[in-house]
Amino acid sequence: MNRTERTIKLTIDGKTVYGYPGQKVLELCGEAGIKIPTLCYDPHLSVHGGCSVCLVEIEGARALMRACTNAIAPGMVVRTGTNRVLAARRLALELMLSDHVGDCRPPCNLTCPAQGKVQSYVNLTAQGKYRAALDELHDHVTMPASIGRVCPAPCQTKCRRNFVDETVSIREIKRFVADWGMSQGELGDIPKIVENGKKIAVVGGGPAGLSFAYFARRMGYGVVIYERERQLGGMMRYGIPDYRLPPSVVDAEARWILDHGVRIETGAALGKDIALEDLRSRYDAVVLAMGCWKSSSMRVEGENLPGVVGGIDFLYTVNTHNPMKLGNRVAVVGGGNTAMDACRSARRLGAEKVYVVYRRTREEMPAEDIEIREAMEEGVEFVYLAAPKVIQGEGKVERLVCERMKLGDPDASGRRSPVPTGEDFVLHVDNVIAAIGQGVNFADVPSQLHDGRRMKVDENYATPLSGVFVCGDQQTGAKIAIEAIGNGHWCAESVDHYFRHGTPKKKFVYDVTDPTLGPKDFAQVEKVERQHPREDSSETRLKAPGVEYNHGLTESQAVHEASRCMECGCPDVHECRLREFAIDLEVRPERVAGSHVSKQEVVNRYYVRNMDKCILCGRCVRVCDEIAGVHAIDFAKRGFESVLSPQFYKDMEHSDCTFCGLCAQLCPVGALLERRVERLPHQNKMKTAKTTCPHCPLGCELLLNMDPERTRITRVTTDMDAVDSPNRGLTCLRGRYHFQDVAQNRLTTPLAGTQPLDWSEAIEKLSELLSPANSKIAVFLGTSLTNQEIAAVKALCGEGHTGEGHEGEGPLVVSAVPQLDTLLASFETDTPKGKIKPDVTELVRKMTLLAKTAEFGGDLSVFSDNLRALRSLGANARGLWDSNLVTHTPEAAADAIKTGKVDAALFVGCTPGDFGLEEDVLKREDVLKSVKKVLFASNLCEGSFDLLLPITAWAEREGTCTGLFSGAELAVHMGPLPPRDARSLRWILAEALRKLGKEIPSAEMAV
């Protein structure tokens, strides 16, 4: 097929395009920049055509056609986005999703009204990555330090840790991370904003307005906040007492948002200082986020008497430090958090007797249980099953007459309704605070935008006035602060859609959830005690009424608490194509839902197979057969019970599977998952670095997937499009799964014996060892050094140490490659035209089987001697051989050491055990009493050494190695950043030789 001869002319979505004979519609659409979803198709595999998600409309065809199977034809007219096509794709996805069981994102994420990435920031905290955790928080939660103090934490109510012991303290972790940021003097980097030229006015500087401003500003909009008060924060500043949320915390977080380039004008109230029409004429859009500042009426006789005040009005006066004078006896009517703030503030203002009057029981109170408990500790008396009937007094409040209630049937909220009993009682009080709710003050809102009861605003935050939007409590009614923050975020996205596409639209999000899980599913999880923050006693709290009494978690508590997270949610959520297309097409699978046939989940040491998530796309079957060349898995059973399984339903360890991992890599959903590292933030998109596999010299190309901070490898994949790589996407289980060796038992600081050194001390000791006075030196080299590292060692050995008993000058240099030419020749084949080098891809296939056999205790004698010998060598055996650096075989070196011809032995990227020099030999007093042993290594190993120097691991190096059969230069790129004090080998040798007045020429000293 000649892809350069584009001789076929056709029309796709009204555009004329050209393709080549035999080209499929799907491929040509991709080249034309037209996105067509598909789940079963992969360009590296044969066509399956089973998912029906790539359907398109072809003029003249009665039925919709699969774009992946149908070749283009001259004059063909293709339509990819008609209503008929979209409906068919949507239905195909809905049918798959109706039987797709599991969790996309964990319930804590989904329950958070702002959709905060809980699983991410909690698990980053568990690793001590507080800055990264704070960045994850700011992706959705604009004021985490404030929210971490006042949020009722709905995320915690759904935490599945509750099935084991107690829920994770998510709110306290959030607060710790944000407080850590403030203690560092910054809450995060301010990104460079790319201006888009549009200007937006935001009326209201509370949590919704600030959130909108933050996210809109990040999108490039010029944002100006108009706030009626003198300071930002809205209800969080003026409606929550200082002892719960210090104003300095709100100020710090609001200031950070302003630092993004958000402007502010204070003392600017809508309807008084600014007019809506004026803002509309000056800005491209106006967003109203003024909140709910009007206290709801109790609708009882006498509520206009002096001494009666609305709950939010009372808290406003408290927080502006101009509180009203209270009598000794105060009644607070209501059962929410505002009522709790009011009653506790009344106690702090000196009221001796404070009642909370609530018409239901404590079990039905919407206030947080901890708020109720702490109010009781502070002397507040709760009067349940009571409703205010009349307020009495001569010129001021003197009595509150209440009616006894009983509970009836549940109402729309799910709580049992209060039913009057006709029985009255009297509370003698001086003040009544009505904390039964709050609403929008419509006096400040133009009449076109409300009907006197609610705002005229739709689900996309749009109003009847073009370019005017509403968000936060003003749209939803009074809600918790985190909901206002989320509401501001989604409003910013809707307004952005308005500017980009002409219509406002809230982002559609879809998640599969699993409501069936319960305690039995987590029976194996060890119980771990929950951590609680230190709080001042009630006596101390009342003596210091405005001082914050909750001191938050300590660092050790926060890390401990974060480690209790069970890492719910699908690790593939950030790359799941099924969820991606479901969101694009706004699916509603519940309309086709039916009974579910439960399938098996199989877990082994390398990956998880969850057939409940399988969509039967067949990718795993085809890649196993066509690329891995094994065919270890295939379809089994029929209909709704269909699964993918090894022959005879064996487990994978006893099947033909070689654990090459390609099936998991190509799975478009979470049905096949690699066993990845713990504490992996599931919603993070990984960074990648392409490098060469270190486990043998075949030169397989790998893609190291890392966390965004590049602190560790999370998994290994391959680039199946890299046709010039020797493995062409295939690799053995060592290359695919043994990446965690990089992080295990790391040598992180120089050691003299067991005594830690700084690098200046270590370099001093090494340079003394390398001085001409110590002439008998043996250098043992591993076969996984880069060519650049080999060059550095060669420069060292060429500096001229004449060792007694050595042939020639310089140190005795030892490695396991002196017979590499013989080994390479054994793989060549004689033909009439001469010797032919082996097919490296076929050798990779054999190596995958050899690795699996060795891993699971099989018989290795069935493999050729030369293949087993090849497996024992490191990545750059050819590069070391070509350097001509090696002077001695391991056997000759061992004899030299045993006969006392060596004073010092340097083990570079290897250990004494690799050369038959076990610990008992090295400690023989008659031979090696004076031998100094230096280890250059990434990982700790058994044995005693005079000097241990931490060098970067292979995955942390930058350079090249040499292809075993081709002799080509293969790239070695740095993946994760080296930990702590690890240094490159070149840097270490250069520093040591510099002490001796010598240089390693042309060496880039990367640390």
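Colleagues, please bear two conventions in mind. Residues are numbered from 1 along each chain as its sequence is written, and side-chain values use heavy atoms, with hydrogens and water left out. Because the model is predicted, local features need pLDDT of at least 70 and side-chain atom pairs count only at pLDDT 80 or more, whereas totals for chains, interfaces and linings use all residues.

I begin with the chain as a whole. Its C-alpha atoms fill a box of roughly 115 × 80 × 55 Å, taken along the principal axes. The chain contains 33 helices and 39 strands; these are DSSP runs numbered from the N terminus, helices being H or I of at least four residues and strands E of at least two. Of its 1007 residues, 56% count as buried. Buried means under 20% relative accessible area, exposed means over 50%, and partly exposed lies in between, with a 1.4 Å probe and protein chains only.

The accessible surface comes to about 43,000 Å², and 49% of that belongs to carbon and sulfur atoms; such areas come from the Shrake-Rupley method with a 1.4 Å probe, and for residues only the protein chains shown count as cover. Among contacts with a separation of 6 or more, 69% are between residues 24 or more positions apart, where contact means heavy atoms within 4.5 Å.

I now turn to single residues. Which residues is N123 in contact with, leaving aside its neighbours within four places in sequence? They are C565, E567 and R679. N123 itself is found in helix α4, residues 118-126, and is buried, with a relative accessible area of 0%. A polar atom of the N123 side chain also lies 2.7 Å from the backbone oxygen of Q119.

Phi of D13 is near 50 degrees, a positive value in a residue other than glycine. Phi of Y461, also a residue other than glycine, is positive too, near 75 degrees. D13 is found in the loop between β1 (8-12) and β2 (15-19), while Y461 lies in the loop between β19 (438-439) and β20 (468-470).

Are these two residues buried or exposed, or something in between? D13 counts as partly exposed because its relative accessibility is 36%. Y461, by contrast, is buried, with a relative accessible area of 2%.

Definitions and conventions:
Polar contact = N/O pair within 3.5 Å; in protein donor to acceptor, adjacent residues only side chain to side chain.
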